[in-house]
Amino acid sequence: MDPAPQSVEHSLVMQRIGLRYGRGPEVLSGVDLALPPGSFTFLTGQSGAGKSTLLKLAYLALKPSRGLIGLFGRDVAVMNNAELQVLRRRIGVVLQDFRLIDHLSVFENVALPLRVAGRERSSYVTDVTELLQWVGLGHRMNALPPTLSGGEKQRCAIARAVISKPDLLIADEPTGNVDPVIGERLLRLFAEMNRMGATVLIATHDLALIEEFPARTLHLENGKIRERR
Amino acid sequence: MSERLPEQSQPILPSRPEQGRALIVVLAVMATLAALALLFSRGADRLEHDWSAQLSESSTVQVMVASETLRAAQMSAVEAALRDTLPEARINVLESDELDALLRPWLGDAPLPDDLPVPGLIRVNSRAALPVESLQRRLEGDGIRIVVDDHSRFSGSLSRTVGRLVLLGIGLVIATLGAALAVSLFATRAGLSAQRDIIHVLVQAGASDSFIARLFIGASARRGTVGGALGCAVAAGLWLIISIGPGRGTVGWSGALDGIIDIILLVALALCFGVVCAGAAGWAATRQLTDERKRL
């Protein structure tokens, strides 16, 4: 029997993770990963290497075929739905395709995690407004996502991911659709979140960006992870 | 610089007016049928009570006249005995032309032979029951034989028939509510499929199944109640038209109290549509979300 995730202090632990879709070959094979709290980590790898799949496992959108996942010191395999819901609220996710809700305004999209958590509108209006101003969307709060540019959508998605001050922030190619200046600014936002205590895991293939923000870098290749300096 | 925000939060699920309107129309038609079935049942029940009350207050006394020469005397004797027994009763001795009219459906318009033994008929209307046996004994002493028909044969049959009609009406109401439930189930499943992306975002944000289900329950309850209310209003309008004109003795509303009770029942029926639709949506959403959780 596999041991329980070893470290209660780690934000994310993966032990001997394997994943296959249906009867196909393993996309991930024996992946081990540990993110200490407050760490900042880049995940690199070629397209199709399984970066997005690994992130899906980390933010609980997929179940592994084998192995153990621990979040904030708890084995997710033994947690019930209610516990997983609470756990998801501690994770902020920025997806490659943004997943903004088209009929909701920028403000409502960003406020969504707070609404889900049951907070009253009056208690979060100021927080959301300030954050939107910080990411440069103060003048677009009532705009609908289809009217936003790629960069604006990206910033809106990032604002939604960080509004609830998550303990773990996971981003899949967060700078993929923006110009280098905005990309750098967004990365500064992640760094600021990290400085405030959040653990950050960013999947990217933008090596130039990694060079500008030196941090621990993991490389995913052939379904396995190796440390890269 | 920031924009001015609306006071209220936007609904998380998109409103699709054209789809919502179509569903409301379907539910309104169902509610109209259910409401009409309910009103017909109630009307038939009222009618049966009216008729039964009228029948129970009336009876027909047949006087088996021994010979035509004695007819007038015997009829007078029976009439006097009835007035003596039931002083408050309305007593009406049928004349020969009225007797002929009663026989016409069976014998046609041909003149009746003079020697045809036709009993004399006396119609008695009284709230008090006619003491048949004592009356028969008293008249037998005078050599007069009578037979009393209290119409119980008809009223029993009427009661049973109306009872079946009422059951049929209740069955139709239940069946229609069942159809509304099925419509709501399908609509919720379709909605869940159509809003899959939004649901994924909500799940990722930590929304519980009940939070997501409530979004569908609210929309479905609104649709059901609005559809139900429209349908019941249409049925009430139709019923009002039926009620205008002939008064007591029809299935329509013959009094204010009947109308008020029926309106209260129609309001309850509209609310039932809302509750049934909300329940169906909640069940469908919770079940589908539970199934999806198993895969995650």
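## Cysteines

Cys272(B) is partly exposed, because its relative accessibility is 33%. Buried here means under 20% relative accessible area, exposed means over 50%, and partly exposed lies in between (1.4 Å probe, protein chains only). The closest cysteine sulfur to that of Cys272(B) belongs to Cys232(B). The two sulfurs are 9.3 Å apart, so the distance is too far for a bond. A disulfide is a covalent bond between the sulfur atoms of two cysteines. Here it is counted when a pair of cysteine sulfur atoms lies within 2.5 Å. By that rule, the count over all chains is zero disulfides. In chain A, Cys156(A) is buried, because its relative accessibility is 0%.

## Basis of the model

This is a predicted model, in which local features need pLDDT of at least 70, side-chain atom pairs count only at pLDDT 80 or more, and totals for chains, interfaces and linings use all residues. Residues are numbered from 1 along each chain as its sequence is written, chains are lettered from A and ligands numbered from 1 in the order in which they are written, and side-chain values use heavy atoms, with hydrogens and water left out.

## Salt bridges in chain A

The count comes to 18 salt bridges over all chains. A salt bridge is a side-chain nitrogen of Lys or Arg within 4 Å of a carboxyl oxygen of Asp or Glu. One of them joins the side chains of Arg121(A) and Glu108(A), at 3.0 Å from N to O. This pair links distant parts of the chain, 13 residues apart: Arg121(A) sits in helix α4 (residues 121-134) of chain A and Glu108(A) in helix α3 of chain A. Helices (H or I, at least four residues) and strands (E, at least two) are DSSP runs, numbered from the N terminus. Arg121(A) counts as buried because its relative accessible area is 13%. Glu108(A) is buried too, with a relative accessible area of 2%.

Arg140(A) and Glu152(A) form another salt bridge, their closest N and O atoms being 3.5 Å apart. The partners are 12 residues apart and link distant parts of the chain. Arg140(A) is in the loop between α4 and α5 (150-162) of chain A, while Glu152(A) is in helix α5 of chain A. Glu152(A) is buried, at 12% relative accessibility.

## Salt bridges in chain B

Arg127(B) meets Glu57(B) in a salt bridge of 3.5 Å, N to O. Here the partners are 70 residues apart, and the pair links distant parts of the chain. Arg127(B) lies in the loop between β3 (120-125) and α4 (132-140) of chain B. Glu57(B) lies in the loop between α1 (17-56) and β1 (58-64) of chain B. How exposed is Arg127(B)? Its relative accessibility is 77%, so Arg127(B) counts as exposed. Glu57(B) is partly exposed, at 30%.

Chain B also holds a network of salt bridges that links Arg42(B), Arg46(B), Asp258(B) and Asp262(B).

## Surface patches in chain B

Patches are made of residues with over 30% relative accessible area and no salt bridge; like charges are joined within 9 Å, and nonpolar side chains (Val, Leu, Ile, Met, Phe, Trp, Tyr) within 5 Å. Areas come from the Shrake-Rupley method with a 1.4 Å probe, and for residues only the protein chains shown count as cover. Val25(B), Val29(B) and Leu33(B) form a nonpolar surface patch with about 280 Å² of accessible area together. Val29(B) lies in helix α1 of chain B. Val29(B) is partly exposed, because its relative accessible area is 47%.

A patch of negative charge also lies on the surface. Glu95(B), Asp97(B), Glu98(B) and Asp100(B) gather there. Asp and Glu count as negative, Lys and Arg as positive; His and the chain ends are not counted. Each charge is placed at NZ of Lys, CZ of Arg, CG of Asp or CD of Glu. Asp100(B) is in helix α3 (residues 96-107) of chain B. Its relative accessible area is 33%, so Asp100(B) is partly exposed.

## Backbone and loop details

Arg16(A) is not a glycine, yet has a positive phi of about 45 degrees. Arg16(A) lies in strand β1 (residues 12-20) of chain A and is partly exposed, at 39% relative accessibility. Arg99(A) is not a glycine either, and has a positive phi of about 55 degrees. Arg99(A) is in the loop between β6 (91-94) and α3 (106-116) of chain A. Arg99(A) is partly exposed, at 29% relative accessibility.

In chain B, Asp115(B) lies in the loop between α3 and β3. Asp115(B) is exposed, because its relative accessible area is 67%.
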